[in-house]
Protein chains: 2
Amino acid sequence: MSRKSEDNRPLFLVSNDDGYRARGVHELTRMLSRIGHVVAVCPEDAQSGMSMAITVKRPLRLRPISDYADSEPDVEWYAVDGTPVDCVKLAMYTVVRERRPDMVCSGINHGSNSAINVVYSGTMGAAFEGTACGIPAVGFSLCDHSADADFGPMMPFVEATVMKVLSEGLPEGVCLNLNAPKVTDIVGLRYCRSARGHWTDEYAEMQPPYGLPVYWLTGRFISEEPDAEDTDEWALSHGYISIVPELLDRTAPDI
Amino acid sequence: MSRKSEDNRPLFLVSNDDGYRARGVHELTRMLSRIGHVVAVCPEDAQSGMSMAITVKRPLRLRPISDYADSEPDVEWYAVDGTPVDCVKLAMYTVVRERRPDMVCSGINHGSNSAINVVYSGTMGAAFEGTACGIPAVGFSLCDHSADADFGPMMPFVEATVMKVLSEGLPEGVCLNLNAPKVTDIVGLRYCRSARGHWTDEYAEMQPPYGLPVYWLTGRFISEEPDAEDTDEWALSHGYISIVPELLDRTAPDI
């Protein structure tokens, strides 16, 4: 980073939980590289549902990626064989050690991180870790799991959110959780709270070739307040982008 | 559970992040089995730092454990090849499906989960998952990483906390994070907030037999407010047990 850090353009540290090859993170890095310098440090492979997990039982490998030297010449790419939080921590210790990022951007996730999903989300794990480092951080998600999801409609809102956070910062200990609906005509953007709801947490029970049966997580999300207009679920189901400000510190007040 | 659930003794679902063989969880199950029925569903091996991670890329195996049939005849033991949150989710779908637990107890962790450690903690991950299921939940930790840590001094406080939560319940969406200091004479118990602080997040850099260097997470916790008497870090450093009520919903108010 030493050569590039001599000017005044902002530095973005980017991570995600779908791995460095995912379409969503490249949509993000391409957009951010028009605004500033971008260092992307992403998992080697998919790390969905990894929350804020960290790797403590084994060492991590940081691997420079040259695959995108032609398509994204202004982005430095690295892969880590760990979790999204590992990526942020190890990046801070190594590739952005000499220059503190101005912002941590995570995603764009293929799939929703609204409502209770935020607590399991690796995408938001990386954003929360940015907050833990004292850096303004935003996690971006699109409510579409498909590998070839269309990120186009949300990109103007992603860029506007990045510009706003760059110029205004965020309150200490707070990051943003932005989710976009799977629609082509986005109505607008709403600041929200997380909707109350739960997963049915069903499991597909399967009999493997040998041994005990195994259980594969499935289930459906049930909103417990579908009509509450101040929630992210309401916003998303009405064509809005939702932004929920999220606290790193979970201490319950006044208990 | 069908046979045992015919009486009115409370049902405890127990998990942890150190794995089913760890001393701490057996201290907990032995104590709880004097109060009620205990079903323990723990990871096969250590899952420290797994936060609220869930396993989505492969199925899980639930294995009945008979190792403790003699030493803990009143406890049903199972192991899951997944994370602490996986254990709670899969238990709810299988072994406690017919009778909803009255309480989820996680731990007792070998090591601190005070301050920011709570967000990375697998022990607290299981407790938060209990909260997500609408069940009163407490995570218990001792600030001593050693395998043969002495849980004796904290056990009266663990039991008192369990009895209080059983009788009074907890506010919706809140679980408790109890940490005990590594001392023989515990002064008392204090309700606290999480101390602000951070990990230095240093890495031990090592050169493996082949390939790129690797990085193993290390570092020290730095309290940013060691003199704040309302924090868990202050309580623990002054010989108290700390209890922090923690919110599952991370929405920042009034942003």
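Two residues are in contact if their C-beta atoms, placed from the backbone, lie within 7 Å. By this criterion, and leaving out residues up to four places away in sequence, Ala40(A) touches Val14(A), Tyr20(A), Val25(A), Thr29(A), Val75(A), Glu76(A), Trp77(A) and Tyr78(A).

The model is predicted: local features require pLDDT of at least 70 and side-chain atom pairs count only at pLDDT 80 or more, while totals for chains, interfaces and linings use all residues. Residues are numbered from 1 along each chain as its sequence is written, and chains are lettered from A and ligands numbered from 1 in the order in which they are written.

**Core and enclosed helices**

A residue is termed buried if 20 or more other C-beta atoms lie within 10 Å of its own, exposed if 12 or fewer, and partly exposed in between. A nonpolar core is a set of buried Ala, Val, Leu, Ile, Met, Phe, Trp, Tyr and Cys residues joined through C-beta atoms within 7 Å. The largest such core has 144 residues, and those with the most contacts inside it are Ala40(A), Cys105(A), Val14(B), Ala40(B) and Cys105(B).

Helices (H or I, at least four residues) and strands (E, at least two) are DSSP runs, numbered from the N terminus.

| Helix | Residues buried | Buried residues |
|---|---|---|
| α1(A) | Seven of the ten residues | Gly24(A), Val25(A), His26(A), Glu27(A), Leu28(A), Thr29(A), Leu32(A) |
| α2(A) | Nine of the ten residues | Pro84(A), Val85(A), Asp86(A), Cys87(A), Val88(A), Lys89(A), Leu90(A), Ala91(A), Met92(A) |

With seven of its ten residues buried, α1(A) is therefore largely enclosed by the rest of the structure. The buried residues of α1(A) pack against β1, β2, β4, β5, β6 and α5 (155-168) of chain A.

**The sheet**

Strands are said to pair if DSSP finds at least two bridges between them. An open sheet of eleven strands, with mixed pairing, has the order β8(A)-β13(A)-β7(A)-β6(A)-β5(A)-β1(A)-β2(A)-β4(A)-β3(A)-β11(B)-β10(B). Its edge strands, each pairing on one side only, are β8 (188-191) of chain A and β10 (203-206) of chain B.

Within chain A, strand β7 (residues 174-180) and β13(A) pair in the antiparallel sense over six bridges, and Val174(A) stands opposite Leu247(A). Between the chains, β3(A) and strand β11 (residues 214-217) of chain B run antiparallel and are joined by two bridges; there, Arg61(A) has Val214(B) as its bridge partner.

**The interface and its symmetry**

The contact takes 50 residues from chain A and 50 residues from chain B. On the side of chain A that touches chain B, β3 (60-65), α2, α3 (117-120), α4 (122-132), β10 (203-206), β11 (214-217) and β13 (240-247) of chain A each supply at least two residues.

Copies are superposed by least squares on the C-alpha atoms of residues with pLDDT of at least 70 in both. A rotation of 180 degrees with 0.0 Å of shift along its axis superposes chain A on chain B (RMSD 0.0 Å). The two copies are thus related as by a two-fold rotation axis. Because 100% of the interface residues of chain A are also interface residues in chain B, the copies meet through the same surface.

**A loop residue**

Ala228(A) is found in the loop between β12 (221-223) and α6 (232-237) of chain A. This residue counts as partly exposed, with 15 C-beta neighbours inside 10 Å. Apart from neighbours within four places in sequence, Ala228(A) is in contact with Ala195(A) and Trp234(A).
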